[in-house]
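Please look over the sequence and the structure shown below. The report that follows takes up aromatic pairs, a charged residue and a helix in turn.

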Amino acid sequence: MKKKNDLHLNRRSFLSVSTAAAGGMLVSLYLDFPAFAQEGRPAPPAKVYPPDAFVRIESNGKIFITVNRLEFGQGVQTALPMVLADELDADWSQVVAELAPAAEVYKDPLFGIQMVGGSGSISHSFQQYRELGAKTRAMLIAAAAERWKVSPNDCRAENSVVYGPDGRSARYAELAERAAREPVPNTVRLKNPSEFRLIGKKVPRLDSRAKCDGSQKFGLDLDLPGMKIAVVAHPPVFGGRVKSVDDKEARGLDGVKDIFQIPLAKGTGVAVVADRFWTAKRARDLLKIDWDLSGLDLADSTQLWTKYRELARGAGNVAVARGDDKAMSRTPAARRIVAEYEFPYLAHTPMEPLNATVKFEGDKAEAWVPSQFQTLDQMAIAQALGVKPERVTFHTEYAGGGFGRRASIDSHIPVEAAVIAKRFRDTPIKLVWPREDDVQGGYYRPMHAHRVEIGLGADGMPAAWRHVIVGQSLVAGTPFAAMMIKNGVDGTVVEGVEDTHYDLPNFHVSAHHPTVNVPVLWWRSVGSTHTAFVMETLIDELATRAKMDAFAYRRKLLKPEAKKLRAVLDLLEEKTAGWRKSLPKGHAAGIASHECFNTAVACAVEVSIVNKRPKIHRATVAIHCGLAVNPLSIESQFQGGLGFGLNQLMALGAITLKDGRVEQSNFDGFMPAYMGDVPVTVDVHIVPSADPPTGCGEPPVPVISPAVVNALTKLTGKRYRKLPLTEI
């Protein structure tokens, strides 16, 4: 998805206000299709949006700020309100955050759909929320000035109070009703960074207490009057169809309401609807289904690896071709390195099982979904029900993790829920995908093979680099293909290599995208999950071969314009110099650095080997993410993101297939990193910057695995090119 970082105040905007029934103030600001404007395309005609879209000031002083993203652990429900509240000069203790429903007004200003992905929550909406806050503040000041018959220039706002000349003051709550009738300013002055009161401060998350005391409700917790629970029996092979089903025994369970076949995104399945989840699941287990698997590609991991290795030995569609393509052949054999890497399918396995709830009322519907793609999911539900999207009221529910899994392009889970709900008119249907369904039923980070040939110069630096990547396209056959596939290469597969910040002369990158009967989806940090591992372990290997310090080698190889990476390497070296030079016997340090989603990260880890497994005693990271809106939240994201990145190293961290069937079914067979696997200590250091903020959700993931492996290599002398690490 194309991204741009710069937003401007002179962008066309739509702002409307009205008076709330309770005497408060309702404000909405819509940045009118900036992505279209920036790309030179005509903007669609303006639409009418609800007036209370973003800010609601109630008579009791509470300020409700609507967040146009899904909150699933990344802290956006605090960070974006901070941005708005800072420009509003609001009393932070009175701020309440709310998740936005699906609506035009809440679409990502750059992507053009309502979504969370690509680490764009803060970077894309930073300017939008600042303008919202500043314009609302200006209207409140105007209302106060009018009341006091003074110039707005003689008034100021602070902590939800407007102060005028001669010591007069009025609370926002007193002014809200009058302010709602003020004209919306076309332009407004935003604060200088030195004036920020909240932005840049370590602010505890608004949702921390509820999550700690267990009162926070997630999508799975939804309990509506008359609601029924549904589970679906999915085919054992992707695309399988129901040939026949014996449901006699299942229907005999008390509480079972119906059992029937439904179409799936691939193939068909059998839906079971019951009063309770456990009843529905027990009934599903009692079904005797004969599946039609004829004509299906039966994916097999062993066979796929053979095919992938063969493909990797020949060039694919070209992503980058720079310099002299004959340079490799002129490199003496003694200065050549050939490295082949293998990365398996990976599941997302968010802690909260996937779910979606839909109520169909004939000509309209209501949906409750923990969704990363509200726009697409709303449209898909509407299509499944045969109504227009605007007839589907879509509630964004809290999600217990997602890592990309709740951003499926085909919206298959909400669609399944809608299809079932269509049969139960006026009854809310909550579809639950138990973890076994998710692990065995897709979707996955694709498996990848890399083959890299490096020709070294006499100075030990790369003189030629040929890189072939084999992996399924994430977007082929979807509406995203036209935007994200160029010259036959899916950009999400080669990202992190084709756009490397290392200055590699005579550089050639190509890709193969085999068609495999396994659904694939972006996994947190997408292509960089595997490309960064390859690049950073090879760079470390080259540094060792050149007998150079790992920091110095990287800095020497970076392009002059790679200022962010240079800054994080400098900061990381400074912050780790003490502990790296005093490691206990049997311990080693490894480093890695990577830039993705416009954020640069460098990571150092201290590792030993305990019971034949890596023990990570500490991790230190340095980040350049532009202006750090909430450093406390960024620190949390990196602590969690490093742990997530370790998943691909775990001995049971692979999804494998045999005869078309996934061999794992739950955490006993596909095991993520547990508390004992993650670093005991994680220190996070942020490069000070006033640049526009960039993303922090995805960038923590790519650096931890290569850093750990680089440390392991120092302890064992082995190079690790195949994940997961089944043996050290």
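A residue is called buried when its relative accessible area is under 20%, exposed when that value is over 50%, and partly exposed in between, with a 1.4 Å probe and protein chains only. This is a predicted model, in which local features need pLDDT of at least 70 and side-chain atom pairs count only at pLDDT 80 or more, while totals for chains, interfaces and linings use all residues. Residues are numbered from 1 along each chain as its sequence is written, and side-chain values use heavy atoms, with hydrogens and water left out.

**Aromatic pairs**

Rings of Phe, Tyr and Trp (for Trp, its six-membered ring) pair if their centres lie within 6.5 Å, and planes under 30 degrees apart count as stacked, over 60 as edge-to-face and the rest as tilted. By this rule there are 15 aromatic pairs. Two of the pairs are set out here.

| Pair | Centre distance | Plane angle | Class |
|---|---|---|---|
| Phe54 and Tyr106 | 5.2 Å | 75 degrees | edge-to-face |
| Phe480 and Trp522 | 5.9 Å | 80 degrees | edge-to-face |

Helices (H or I, at least four residues) and strands (E, at least two) are DSSP runs, numbered from the N terminus. Phe54 lies in the loop between helix H1 (34-38) and strand E3 (55-57), whereas Tyr106 lies in the loop between strand E5 (95-99) and helix H3 (121-148), so that this pair links parts of the chain 52 residues apart. Phe54 counts as buried because its relative accessibility is 0%, and Tyr106, at 5%, counts as buried too. Together with Tyr129, Phe54 and Tyr106 form one aromatic cluster.

Phe480, in the loop between strand E21 (462-471) and helix H12 (481-484), is 42 residues apart from Trp522, which is found in the loop between strand E24 (507-512) and helix H14 (528-545). Phe480 is buried at 8% relative accessibility, and Trp522 is buried at 8%.

**A buried glutamate**

Glu416 belongs to helix H10 (residues 412-423). With Lys and Arg counted as positive and Asp and Glu as negative, and His and the chain ends not counted, a salt bridge is a side-chain nitrogen of Lys or Arg within 4 Å of a carboxyl oxygen of Asp or Glu. Glu416 is buried yet has no salt bridge, and Arg405, the nearest side chain of opposite charge, is 8.1 Å away.

**Helix H18**

Helix H18 covers residues 701-716, and 13 of its 16 residues are buried. After H18 comes Gly717, with a positive phi near 80 degrees.

Key
Expected span 1.5 Å × (residues − 1).
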